[in-house]
Amino acid sequence: MYIECRFGATRFVVLVGKVALKFPRVRPLHSLLRLFCHMRNKEVSKKLQSHGQTPIVGGLRYVFGGIVANWNEHRVWKNFAYDILAPTWFSLFGLVNVQRRGTEVDQQELDLRNPFLPYLDRIDSDLERDITNSRNLCRLNRRIRIHDYGSDKCLHFLSRLYKEDAAQERILVILGGSTC
């Protein structure tokens, strides 16, 4: 069986057969160097608060971003289980995630068949960059799905999408329509 390894910004992924094992990358030295860079630019508070409500929480979330991303993916799959997501079958408190692996999608096809195209006008540029990058999506059961959905922005977007879908379903039921 062929084993492949990939590195992301916050996680290390081992691809084995039809499974992706996601491990957090805890990089205190990298985080410390980035902190000094932001200090030099006088952007420390702004950068840390972009990761959390307070600079302390933001700093911890930055250093342990891979654990947060794994836990977010587990929560998103458990709560929403959309067919645009690659299933996250298991998470050991964010220390390792077990996810269904799909096949690669090339950028040209993704630009034409991205399942997020109808929502691009409602999202910010950081999230748009993530959900339009073929490295973050895959083909699974003949559908294009996102397999890297652990960011806080993706979590908020998917929960908002879920609320809109639930409201739409309630309207259809009230009007006597069908959700099929």
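The structure is a predicted model, in which local features need pLDDT of at least 70, side-chain atom pairs count only at pLDDT 80 or more, and totals for chains, interfaces and linings use all residues. Residues are numbered from 1 along each chain as its sequence is written, and side-chain values use heavy atoms, with hydrogens and water left out.

The chain contains seven helices and eight strands; helices (H or I, at least four residues) and strands (E, at least two) are DSSP runs numbered from the N terminus. Among the contacts with a separation of 6 or more, 56% join residues 24 or more positions apart, where a contact means heavy atoms within 4.5 Å.

Of the 180 residues, 34% are buried. Buried means under 20% relative accessible area, exposed over 50%, and partly exposed in between (1.4 Å probe, protein chains only). The accessible surface of the chain is about 11300 Å², and carbon and sulfur atoms supply 59% of that surface; such areas come from the Shrake-Rupley method with a 1.4 Å probe, and for residues only the protein chains shown count as cover.

Two residues deserve attention for their backbone angles. Most residues other than glycine have a negative phi. Phe 93, however, has a positive phi near 55°. Phe 93 is placed in the loop between strand 4 (88-91) and strand 5 (97-100), and is exposed, with a relative accessible area of 64%.

Arg 142 likewise has a positive phi, near 65°. The loop that holds Arg 142 runs between strand 7 (137-140) and strand 8 (143-146). Arg 142 is exposed, its relative accessible area being 77%.
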